[in-house]
Amino acid sequence: MRTRVPLPLLIPAGIGLVFLVLPLAGLLARTPWSSLLTRLAEPEVTTALRLSLVTASVATLVCLLLGVPLAWLLARVEFPGRRIVRALITVPLVLPPVVGGIALLLALGRRGLVGSWLDETFGITLPFTTAGVVIAEAFVALPFLVIAVEGALRGADTRYEEAAATLGATRWTSFTHVTLPLVAPGIAAGAVLCWARALGEFGATITFAGNYPGITQTMPLAVYQTMESGDLEGAVVLSLILLTVSVTILAALRDKWLTAP
Amino acid sequence: MLAVTTSRFAVAGLAVLTTVSLAACGSDGADTAASGGPVTVFAAASLTESFTTLGEQFEAAHPGTTVTFNFGGSSGLATQINEGAPADVFASASPKNMQAVTDAGTPTTFVRNQLVIAVGKGNPKRVAGLADLTAPGLKVALCAEAVPCGAAAKTAVDAAGVTITPVTLEQDVKAALSKVKLGEVDAALVYRTDARTSAADVDAIEFPESAKAVNDYPIAVLGNAKNPAGGQAFVDYVLSADGTKVLTAAGFQAP
């Protein structure tokens, strides 16, 4: 298998790698290592970090509950307008997150399409609440999960499901006992992708949920506010903390779930 | 399991990207110096309308010169300038953020501005003063303390001796105002000038404590300006009678 790697592939690949790694090197080069631990102990930082981890996890849960059935529908059921539905699902992917935040305000805000009804009927308003943060994150992250799971479903062998059907299994039984275990690695990969996207969410969150410590100020918002206030060093430290925590969690999850044969 | 393998790569890449990519504060103006001499002006968000007008008038008065603006929260602009963003002129909404810019020349105070309470059209919640903003259930947006409108709000609120718990701390005055316009909050402390530009959507409630939190707006040509002459010309125009006319029409006070 020892073949020469063609230069036209090697050179752009190397440049691509440098392009991705260089900003991280910049971050590390400016990190005031001595103040890292003291910053980590600051209540504002722990509050924002906890809020980030909780909201990203809840958002991922929401995405799993809604996204897996949606992916199954797209992969397994022929229905008119399926292509349009698939295109609609990718819209949040191409939408700038700030635009997503404005769209969420116009739909779920106090005067929004559904939000005004929620407010008048139940007295529920979503902007400026932690639930609003989860909604913003789930809105942006859901397509990642749906696309990953749909891909896994399409790649999975349908003969197992057919066999289950011939043995008398209902479609629901076949889904829970055959399909789900079959595509579990794909679902796990999609969930991790979804969680990572939710954790880094900024634009939709600050636009829809606002920015208040302990309630809606997640780590990316805290990083932004710290930098805007002129404390670049603090912003670098917060970025590094978020980066370390997310990479550690992802690495741990990868070892546990994603090392499929 | 090809799908899993590829998305595993995507996971690693995305984790890094999404966690580190912050808001790219757009400041991609400032082309390379051309014969006409482009002038890049970083200005407080509250100057958006009046400086845009001034820029057009300045360009008309100086053919061949183009002015590019980057409007935003003064503190964020100061950070961008300190990190090497190419700006010729900085107009800040408070002296504090001007001082944060290490290479600002000698700043001149060109206008002053003070806060009002912006409420929805017709003042549905009957807000009459700062004390009304403490009412439970009333949603208030303030600027973050790092930005001048937030610092001024804190001074005014302290002077009134009340405690306001906002639902959100916005990064510049325009963001706070837009939350009122959208109806997402009932009130926000914004500058009189901002409330005036949005008079179609919001009402401005004057309150006495705002007199204790008047912001001076300094303007300066920056030390490492690429076009110091053009920058100075723009500053001179802002300080001229024509400039003052536009600014006072927008509701700014003379210094």
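Chain B holds an open sheet of five strands in the order S2-S1-S3-S10-S4, with mixed pairing. Its edge strands are S2 (67-72) and S4 (108-113) of chain B, and each pairs on one side only. On average, neighbouring strands of this sheet are turned by 15° against each other, direction ignored. Strands here are DSSP runs of E of at least two residues, helices are runs of H or I of at least four residues, and both are numbered from the N terminus. Two strands pair if DSSP finds at least two bridges between them.

This is a predicted model: local features need pLDDT of at least 70, side-chain atom pairs count only at pLDDT 80 or more, and totals for chains, interfaces and linings use all residues. Residues are numbered from 1 along each chain as its sequence is written, while chains are lettered from A and ligands numbered from 1 in the order in which they are written.

Strand S1 (residues 39-44) of chain B pairs with S2(B) in the parallel sense, over six bridges. Within that pairing, B:Ala43 has B:Phe71 in S2(B) as its bridge partner.

Strand S5 (residues 115-120) of chain B runs antiparallel to strand S8 (residues 187-191) of chain B, and five bridges join them. S5(B) is also antiparallel to S9(B), through four bridges. B:Val119 stands opposite B:Ala187 in S8(B). B:Val119 also stands opposite B:Asp203 in S9(B).

The table gives their angles, which run from 0 to 180 degrees between N-to-C directions; axes are lines fitted to C-alpha atoms, for helices over the stretch in contact. Contact means that two C-beta atoms, placed from the backbone, lie within 7 Å.

A residue is buried if 20 or more other C-beta atoms lie within 10 Å of its own, exposed if 12 or fewer, and partly exposed in between.

### Two alanines in chain B

B:Ala118 contacts B:Leu177, B:Val180, B:Ala187, B:Ala188, B:Val190, B:Ala195, B:Val202 and B:Ala204, leaving aside neighbours within four places in sequence.

B:Ala141 lies in strand S6 of chain B. Why is B:Ala141 buried? Because 27 other C-beta atoms lie within 10 Å of B:Ala141. The residues that B:Ala141 touches include B:Pro166, B:Val167, B:Val180 and B:Ala188, not counting residues up to four places away in sequence. B:Ala141 and B:Ala118 are 23 residues apart along the chain, and their C-alpha atoms are separated by 9.8 Å.

### Chain A and the cores

Chain A has 13 helices and zero strands. Its C-alpha trace spans about 70 × 65 × 30 Å along its principal axes. Chain B has nine helices and 10 strands. Of the 261 residues of chain A, 41% count as buried; of the 255 residues of chain B, 54% do.

Helix H3 (residues 43-76) and helix H8 (residues 130-155) of chain A pack at about 35°, with axes 6 Å apart. By class, their contact has 22 nonpolar, three polar and four charged residues. Ala, Val, Leu, Ile, Met, Phe, Trp, Tyr, Cys and Pro count as nonpolar, Asp, Glu, Lys and Arg as charged, and the others, Gly among them, as polar.

A nonpolar core is a set of buried Ala, Val, Leu, Ile, Met, Phe, Trp, Tyr and Cys residues joined through C-beta atoms within 7 Å. The largest has 129 residues, and those touching the most other members include A:Leu145, B:Phe90, B:Ala118 and B:Val190. H8(A) gives the most to this core, with 17 residues. A second, separate core of 18 residues includes A:Phe202, A:Met219, A:Met227 and A:Leu238.
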